[in-house]
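Please describe this protein chain for a reader who has the sequence and the coordinates at hand, moving from the overall make-up to particular residues.

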Amino acid sequence: MTFVNKLSKSFRWLRCSTLCAILFYMFFIGLILHSTSHKLQQQQQQREQQQELSTVDQAPVLAKSTPNSRDEELEQPQQQQQQQQQQQQKQKLNNLDLGSAATKQEKQRQKVQPMSANEVGGGERDGAGKSKSQQRPQPETVIITTSNVNEKQILAKAFKRADRNHDGRLTIQELGQYINRRIVEHIDIAIMNNAREFRRVDIAPADGLITWDEYHRFFLREHGMTEADIDEHDEIRHTTLNRKAREDMMRDKARWTEAARTDLFTLTIDEYLSFRHPESSVANLLELVDDLLRQFDQDGDDQLTLEEFSDLNVDDDEDLLRKSLISKTLVERREEFKRIIDKNHDGKADRGELLDYVNPKTPRYALQEAATLFSLCDEDKDEKLTLKEMTDNAEIFLQSKMIDTANSFHTEF
């Protein structure tokens, strides 16, 4: 019985405690609700007071505006009459100007006719007759001078970046280092953007292969043509394109057949890279290695020795020389083989060493470009280039890898 009594007492205590807790929470919640409702009432009262004040302030403004509006209504007819008078005066002045202009033109015609009749003995009349008709070519000269200014600015900016020691003169090493940075940057960007451009071209349908029709439409869109113009475009004549665009299109057609290795009518993503940027494609570089081995590997062991690489026949190697794959003189090529190609110094160059050699990202490639520019533009033969020598030979530099890296590569490869 004692145990039962204890349990009953404990349950009673729990009931009382829970009831007290519930009453406390309800009292607390009631306080919170009362305070929030009181704050809301105060905010509403403040808003009502502000509205009343705004209406009181607007009343005198409206009262002031009504007489002004009446005055304006009275003044409107007067203003309209004044405007009509002004327009009539302007028309009269315009008519007078047109009449005077017509008389001037007639006088000029009368002056020009005797001048054309007396061209031989009319020195003073010729000097006075150089009027508007002879001033027409002036905008063309302005365009030419601005283009020259832009070319000079481009060359000056490139010269400043290449001049590492800031002495105002470029050495072959400085020029080669700058060209090498440009080449590496161009190839890295071409590889990075290849997949993105491939997706832009491969749209009809997006099947992972690019047909010539897909690329042709992409080419025309890049040259500012709309879809309607593309549908009506004559692909054979290309009459709506300018001369340079037509030449680029013919060049792309020739490069398409070289890049399409698996299928003549489509390009994969790797083949599209070799099509658009042949200098960035490993497959193209491997073909250059094959060209070197085919040209110089006399014993057919798929390697080049110093003697084989030094055997130069200019008539047979014009294409390799044009692509800056080999040096021109025997001494240069022997030194090049020992210092650059034969990395392990075993006296032979295998395919891996030759692949590194023909890679345009190597400093050797840029140094050969720099040496070519020096041989063409170093006028005083002091083995240093000034900005004046560059601007005097602007056409050469603007087409080189120093400035126009992409187009120089495309024409070379």
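## Overall make-up

The model is predicted rather than determined by experiment. Its protein chain holds 17 helices and 4 strands, and of its 413 residues 28% are buried. The accessible surface of the chain comes to about 28800 Å², with 54% of that area belonging to carbon and sulfur atoms.

Where contacts in the protein chain are taken between residues at least 6 apart in sequence, 55% of them join residues at least 24 apart.

## The annotated transmembrane region

An unreviewed UniProt entry places a "transmembrane region" at residues 12-33.

A nonpolar patch on the surface is formed by Phe24, Tyr25, Phe28, Ile29, Ile32 and Leu33, which together have about 650 Å² of accessible area. One of these residues, Phe24, is placed in helix H1, which covers residues 2-117. Phe24 counts as exposed because its relative accessibility is 53%, and the cut-off for that class is over 50%.

## The nonpolar cores

The largest nonpolar core has 24 residues, and those with the most contacts inside it are Leu170, Leu175, Ile179, Phe397 and Met402. At least two residues of this core come from each of helix H3 (138-162), helix H4 (172-201), helix H14 (363-377) and helix H16 (394-398). Of the contributors, H14 gives the most to this core, with 6 residues. A second, separate core of 19 residues includes Ile210, Met225, Leu241 and Leu267.

Which residues does Met402 contact, leaving aside its neighbours within four places in sequence? The contacts of Met402 are with Ala158, Phe159, Ala162, Leu170, Leu175, Tyr178, Ile179, Arg182, Met390 and Phe397.

UniProt, again in an unreviewed entry, lists residues 150-185 and 284-319 under "domain: EF-hand". Over residues 150-185 the modelled chain is 75% helix and 0% strand, with the end C-alpha atoms 23 Å apart.

## Salt bridges

Across the whole structure, a search finds 18 salt bridges. In one of them, Arg276 pairs with Glu197, and the closest N and O atoms are 2.8 Å apart. Arg276 counts as partly exposed because its relative accessibility is 23%, whereas Glu197, at 16% relative accessibility, counts as buried.

Elsewhere, Lys244, Asp248, Arg251, Asp252 and Arg255 are linked in a network of salt bridges. Within this group, Asp252 forms a salt bridge with Arg251, the closest N and O atoms being 3.6 Å apart, and the side chains of Asp252 and Arg255 also meet in a salt bridge, at 3.8 Å from N to O. Asp252 and Arg255 are separated by about one helical turn because they are 3 residues apart in helix H7 (residues 243-259).

Arg251, by contrast, is partly exposed, with a relative accessible area of 27%.

## Backbone details

The peptide bond running from Ala204 to Pro205 is cis, with omega near -10°. Pro205 is placed in the loop between H4 and strand S1 (210-211).

Positive phi values occur at two residues that are not glycine: Lys381, at about 55°, and Glu383, at about 60°. Lys381 is found in the loop between H14 and helix H15 (387-392), and the place of Glu383 is likewise in the loop between H14 and H15. Lys381 counts as exposed at 57% relative accessibility, and Glu383 counts as exposed at 60%.

Conventions
Residues numbered from 1 in each chain as written. Predicted model: local features only at pLDDT ≥ 70, side-chain atom pairs only at ≥ 80, totals over all residues. Heavy atoms only, no water. UniProt positions renumbered as here; feature names shortened; annotations may be inferred. Patch = residues over 30% accessible without salt bridge, like charges linked within 9 Å, V, L, I, M, F, W, Y side chains within 5 Å. Areas by Shrake-Rupley, 256 points an atom, 1.4 Å probe, with all protein chains shown as cover. Salt bridge = Lys/Arg side-chain N within 4 Å of Asp/Glu carboxyl O. Buried < 20%, exposed > 50% of the residue type's maximum accessible area, 1.4 Å probe, protein only. Core = buried A, V, L, I, M, F, W, Y, C linked by side-chain atoms within 4.5 Å. Contact = heavy atoms within 4.5 Å.
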